[in-house]
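Reader: I would like to learn how to read the strands, loops and turns of a protein model. Could you take me through one, giving the general idea before each case?

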Amino acid sequence: MKYFIQAFMVVCALIGLMSGCSSDEKKSEKREIVQTKNSKTQNKSQDKPNIVILATGGTIAGSIDSAIKTTGYEAGVVGVDVLINAVPQIHNLANIQGEQIANIDSADMTNEIWLTLAKRINDLLADSAVDGVVITHGTDTMEESAFFLHLVVKSDKPVVLVGAMRPSTAISADGPKNLYNAVALAANADSQGKGVMVAMNDRIQSARYVSKTHTLNVDAFASPNSGDMGYIVDGKVFFHYAPNKPHTTQSTFDVSALESLPRVDILYSYANDGSSVAAQALVQAGTKGIVVAGSGAGSIHKYQKDALKKLMKNGLVVVQSSRINNGIVLANDTDSEFGFIGSRDLNPQKARVLLMLALTQTNDPREINEIFARY
Ligand code: ASP
């Protein structure tokens, strides 16, 4: 009963804090990149690691006027200071500093925010006074942002993405516990050199393998091909394995001088596929690469494949991935000879991230195939 009253008071405090903002203030806070450097520094202790929390929005920062509602809320409303204040226990784990990078529904994530985030993380982690970074993020595209950062962050220090499936106003909101776990993971000495990680529902997942696998349940993230990377129990971290593909400091991708990324889009393959029209329109709009979410082990309907082949002759790069969230996709010998590239175990949205970065280095399908084999 005591704990229920405490939890209820935290929810009430959050609602009270948020109702202090007018809806106009909330709107203007959204969809703009704001940096409030050093917005939160609390009694710095020499004994504790220094962790920076970068907030980007999502359901963890979502709000609705009913504690029983877990749908229909607005994501990306609550600011980083409110998120930090809702979990005072994180100050026992680390010295915490918060910074607002964006406040969006992650369905609206952009390449520009990714570049801003990556550059800010690289600046922060180059500072010997910073020991790790936690990123609060919507769950919808978390796996894409995590994989992008896994390939472009240039540090062995821990980087952890965290979100929530229930808005901050809900009964049993999962955000506070997830945030506590994320800080515990980023503050843990064993987290060094393991690449970017996702901390959701007590599970630790590698950015390389993690995928969102449920639309609503709090246990929404899994790594279908590899299993969880570890587990967090009451702030204690247990690792099962470390990712074996190159990442962070071993990755050759460098976004420090980039203001934009090559355009890559995703098309789906299905019975009576009409995507050939979309493929042509995308290329006319500037798309340099297409990832096909193929059926089965990456099959592409012949209507779409014939159109893609014509576009490939003019320089379009095509990666075959799969609608199935488990297994491997390899291009067969004939397709491979033509230039098709198998995504291996990368799902379409992650293959898109790798293809964009590959295209910053080369347009040659053979070299890009090597990159897919390596990363
Ligand atoms: N639509 C939300 C987002 O991705 C969902 C969430 O965070 O769970 O921002």
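Predicted model: local features only at pLDDT ≥ 70, side-chain atom pairs only at ≥ 80, totals over all residues.

Reader: In what order do the eight strands of the open sheet lie?

Author: Strands of a sheet pair through backbone hydrogen bonds, either parallel or antiparallel. Two strands are said to pair here if DSSP finds at least two bridges between them. In this model eight strands form an open sheet in the order E2-E1-E3-E4-E5-E6-E9-E10, with mixed pairing. Strand E2 (95-104) and strand E10 (236-239) each have a single partner strand and stand at the edges, so one side of each is left without a neighbour in the sheet. On average, neighbouring strands of this sheet are turned by 25° against each other, direction ignored, where axes are lines fitted to C-alpha atoms, for helices over the stretch in contact, and angles run from 0 to 180 degrees between N-to-C directions.

Reader: Which strands pair with E3, and in which sense, parallel or antiparallel?

Author: Strand E1 (residues 50-57) pairs with E3 in the parallel sense over five bridges, and isoleucine 53 stands opposite valine 134 in E3. Strand E3 (residues 132-136) also runs parallel to strand E4 (residues 159-162), to which four bridges join it; the bridge partner of isoleucine 135 in E4 is leucine 161, and threonine 136 stands opposite valine 162. The chain crosses from E3 through H5 to E4 in a right-handed β-α-β crossover. Right-handed means that, with the strands pointing away from the viewer, the path from the first strand over the helix to the second runs clockwise.

Reader: Are the residues of E3 buried or exposed?

Author: A residue is buried if 20 or more other C-beta atoms lie within 10 Å of its own, exposed if 12 or fewer, and partly exposed in between, with the C-beta atoms placed from the backbone. By that rule five of the five residues of E3 are buried: Gly132, Val134 and Thr136 point one way, whereas Val133 and Ile135 point the other way.

Reader: What is the handedness of the crossover from E4 to E5?

Author: E4 and E5 pair in the parallel sense over three bridges, with valine 159 opposite valine 196 in E5. Here the chain passes from E4 through helix H6 (residues 175-186) to E5, and this β-α-β crossover is left-handed. Five of the five residues of E5 are buried.

Reader: How do E5 and E6 run, and what lies between them?

Author: E5 and E6 run antiparallel and are joined by four bridges, and methionine 197 stands opposite serine 206 in E6. The two strands form a hairpin with two residues between them, and asparagine 201 in the turn has a positive phi of about 55°. Aspartate 202 lies in the loop between strand E5 (196-200) and strand E6 (203-206), and has a positive phi of about 75° although it is not a glycine. Aspartate 202 counts as partly exposed because it has 16 C-beta neighbours inside 10 Å.

Terms used: Residues numbered from 1 in each chain as written.
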